[in-house]
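Hi everyone, thanks for coming. I'd like to walk you through a structure that may be new to you, so please have a look at it with me.

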Amino acid sequence: AALQASAPGETVLGFIGMGILGVPMTLNLIKAGYKVVVYNRSPEKCGPAADAGATVAASAREVVEKASYTFATLSDPEAALAVAHGPDGVAAGMAP
């Protein structure tokens, strides 16, 4: 499938991982006018993004179901595998 063009105010972006990289990157996307859906395994870490206007998802699956493009910054390979392949993980929400 071809990539869709993205545009601030029209494209929903997803961001998984609200740590030292994820929060600032998400805030920059919001400042640029993008709608952003976020998820973190520790939900309280989504606070700064939510305060700036991001939608907080209940799972990684929900992020990829709502977003045209999803980014992830996770702490280690184990975290990446858990978020990708867990029961409500990224793989479960991806479209064919």
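Let's begin with a simple one: how many helices and strands does the protein have? In this predicted model, there are five helices and four strands. If you follow the chain from the N terminus, the elements come in the order β-α-β-α-β-α-β-α-α. The radius of gyration is 12 Å, close to the 12 Å that the globule rule gives for 96 residues, so the protein is as compact as a globular protein of that length. Along the principal axes, the C-alpha atoms fill a box of roughly 35 × 30 × 20 Å.

Now for the contacts and the surface. Taking contacts with a separation of 6 or more, 54% of them are between residues 24 or more positions apart.

Let's go inside. Of the 96 residues, 34% count as buried. In soluble globular proteins, nonpolar side chains tend to be buried together. Here, the largest nonpolar core has eleven residues, among them Leu-13, Phe-15, Met-18, Ile-30, Tyr-34 and Val-38. Strand E1 (12-16), helix H1 (22-31) and strand E2 (35-39) each supply at least two residues of this core. There is also a second, separate core of nine residues, including Val-37, Tyr-39, Val-63 and Val-90.

Tyr-34, from the largest core, touches several residues beyond four places away in sequence, including Ser-6, Pro-8, Leu-13 and Leu-29.

Leaving aside neighbours within four places in sequence, Thr-26 is in contact with Phe-15, Met-18, Val-36, Val-38 and Ala-49.

Finally, please find Arg-61, in helix H3 (residues 60-66). With a relative accessible area of 29%, Arg-61 is partly exposed. Which residues does Arg-61 touch, not counting those up to four places away in sequence? They are Pro-87, Asp-88, Gly-89, Val-90, Ala-92 and Gly-93. And the C-alpha atom of Arg-61 is separated by 7.6 Å from that of Met-94, 33 residues apart along the chain.

Terms used
Residues numbered from 1 in each chain as written. Predicted model: local features only at pLDDT ≥ 70, side-chain atom pairs only at ≥ 80, totals over all residues. Heavy atoms only, no water. Rg over C-alpha atoms; globule rule 2.2 N^0.38 Å. Buried < 20%, exposed > 50% of the residue type's maximum accessible area, 1.4 Å probe, protein only. Contact = heavy atoms within 4.5 Å. Core = buried A, V, L, I, M, F, W, Y, C linked by side-chain atoms within 4.5 Å.
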